[in-house]
Amino acid sequence: MQNWRRGAATASNNIDETRHMSQSGIPSAAHIELPPPAVSFRQAFLFWLKLGFISFGGPAGQISIMHQELVENRRWISERRFLHALNYCMVLPGPEAQQLATYIGWLMHRSWGGIVAGVLFVLPSLLILIALSWLYIAFGNLPLVAGLFYGIKPAVTAIVLQAAHRIGSRALKNNALWAIAAASFVAIFALQLPFPVIIAAAALTGYIGGRIAPDRFKTGGAHGKADQSFGAALIDDHTPTPTHAQFRWSTLSWIAIAGALLWSLPMGLLTVFYGWHGALTQMGWFFTKAALLTFGGAYAVLPYVYQGAVEHYGWLTPTQMIDGLALGETTPGPLIMVVAFVGFVGGYVKAVFGPDSLFLAGAAAAALVTWFTFLPSFLFILAGGPLIEATHHDLKFTAPLTAITAAVVGVILNLAVFFGYHVLWPQGFGGAFDWLSALIALAAAVALFRFKRNVIHVIAACAVSGLVLKMWVL
């Protein structure tokens with residue numbers, strides 16, 4: 001009993017000493033704990049598989065989930081290394097959340113780790129969207145389905161607006177970054193400048209700003225969360241770059257050759273069997289350009305996809321495009337998986353395999369466009385990752401990336417305005433204002449911003465509201 005009391009007293013003294021050290025500014029035990037044990041490939045595989053099924057909420061929600069799981073809970077990677085990788089993914093063309101998963105998987109378990117992380121981030125969404133796209137195209141004209149989508153469309157507008165707010169709250173940490181975001185919105189909304197021009201201007205601003213006022217262009221901003229610590233991480237701020245993540249010309253050459261073959265072989269077969277002007281061949285070519293020529297992630301690429309798929313090729317209608325975005329918001333995986341919906345509808349409507357194989361045509365087109373959309377993302381990470389790993393302590397590289405992240409916020413806000421216009425004035429500004437859709441959008445915004453409701457719950461409630469309005473009011 002005396003030993004127990006002596007041990008309890010010692011423990012009490014230790015706790016008091018720890019509290020005193022923490023209050024006096026000396027690091028407490030919570031801040032000097034050891035990093036977590038090494039993560040096996042199997043453990044990582046199971047996590048990436050789980051992430052593929054729970055990654056709802058578009059890129060903002062998915063990045064938030066990865067941050068919570070990998071930085072805060074599991075401590076597989078530190079805050080600064082996470083944000084540095086994120087800034088690189090934000091500047092790349094393509095889906096930044098999927099690229100971030102690929103980057104971290106690659107950093108932990110070499111090339112196969114990155115490939116597995118990236119594929120599992122996409123695969124569940126592809127399978128689910130093929131099924132939902134078939135239900136939509138086969139039964140979308142039913143009053144029940146039409147009513148549900150009437151309520152979902154305004155919710156999508158509020159969700160995109162929330163995405164701009166969530167990314168902005170993390171990225172815009174001072175007036176300089178706010179000014180960059182505002183300038184990018186004006187540039188794309190009022191001046192209609194191409195997005196690559198906006199990205200280049202933001203990068204130049206960040207480079208110059210990083211030399212003139214470096215504190216304003218640190219990763220995450222002047223007072224960003226990059227200064228937080230959740231304990232020692234497996235890949236910490238000062239963890240040496242692993243051997244496989246160091247730059248080598250031989251590795252870069254092999255990746256370039258593999259990427260060229262993985263693109264040219266399927267494109268060549270499509271051209272041989274269907275001709276250059278065939279629907280599947282043009283889908284492969286168009287989504288290759290979408291993957292390479294558009295920047296800023298899913299929300300920035302959607303206007304380009306809309307312009308090509310709806311206005312140029314006529315694979316689907318404007319209403320179907322918004323409905324596809326709604327389906328993308330209700331399924332796990334990157335929001336850019338809306339391209340699978342575009343491909344399915346295009347292949348189905350064009351009957352590329354004949355009138356007796358409509359579902360097969362849609363499914364094949366969905367898989368095809370997914371391949372050409374995501375192939376560059378893997379190549380960018382596997383080829384560019386070693387260069388980025390060598391710069392995570394170098395402000396002249398991080399400052400442009402931080403400025404680009406701020407610019408992307410303005411582009412996402414522009415997308416919210418774009419969708420709001422099509423939802424609230426379905427016949428254009430010359431037509432009537434849809435005040436019922438406006439009320440649904442307002443209610444969705446209040447639920448998301450004020451009450452912090454889950455995106456899926458908001459979409460479900462708005463869908464039911466739209467069905468009720470369609471059946472008993474309109």
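Predicted model: local features only at pLDDT ≥ 70, side-chain atom pairs only at ≥ 80, totals over all residues.

Visitor: OK, how many cavities of 30 Å³ or more does a search of the whole structure find?
Guide: The search turns up two.

Visitor: How much space lies in the second largest cavity?
Guide: About 40 Å³.

Visitor: And which residues line the second largest cavity?
Guide: The lining is made of Phe41, Ala44, Phe45, Trp48, Gly105, His109, Gly113 and Val116. Helix 2 (41-54) and helix 5 (96-139) each supply at least two residues of that lining.

Visitor: What's the split by class in that lining?
Guide: Five nonpolar residues, three polar and no charged ones.

Visitor: His109 is on that list. Where is the kink in helix 5 centred?
Guide: On His109, and the kink is about 150°. The end-to-end span of helix 5 is worth a look too: its end C-alpha atoms are only 33 Å apart, while a straight helix of 44 residues would span 64 Å at 1.5 Å a residue.

Visitor: What about helix 16, how far apart are its end C-alpha atoms?
Guide: They are 21 Å apart, and that agrees with the span of 21 Å that its 15 residues (435-449) should give at 1.5 Å a residue.

Visitor: Which residues of helix 16 are buried?
Guide: Leu436, Ser437, Ile440, Ala441, Ala444, Ala445, Ala447 and Leu448. As a general point, an α-helix has 3.6 residues a turn, so residues three or four places apart point the same way.

Visitor: Switching topic: is Thr370 buried or exposed?
Guide: Thr370 counts as buried because its relative accessible area is 7%, and the cut-off for buried is under 20%. Thr370 sits in helix 14 (residues 358-389). Leaving out residues up to four places away in sequence, Thr370 touches Val122, Leu126, Met337 and Ala340.

Visitor: And Lys350, what's its relative accessible area?
Guide: 42%, so Lys350 is partly exposed. Lys350 belongs to helix 13 (residues 338-350).

Visitor: Which residues does Lys350 touch?
Guide: With residues up to four places away in sequence left out, Lys350 touches Ala279, Tyr313, Gly314 and Trp315.

Visitor: Last one: how far apart are the C-alpha atoms of Lys350 and Gly362?
Guide: They are separated by 9.1 Å, with the two residues twelve apart along the chain.

Methods. Residues numbered from 1 in each chain as written. Heavy atoms only, no water. Helix = DSSP H or I, 4+ residues; strand = E, 2+ residues; numbered from the N terminus. Buried < 20%, exposed > 50% of the residue type's maximum accessible area, 1.4 Å probe, protein only. Contact = heavy atoms within 4.5 Å. Expected span 1.5 Å × (residues − 1). 1 Å grid on protein atoms, 1.4 Å probe; cavity = no way out; pocket = protein on both sides within 12 Å on 5 of 7 lines; lining within 4 Å. Points joined across faces, edges and corners; volume = space filled by probe spheres on them. Nonpolar A, V, L, I, M, F, W, Y, C, P; charged D, E, K, R; others polar. Bend = angle between axes of the 7 residues up to and from the residue.
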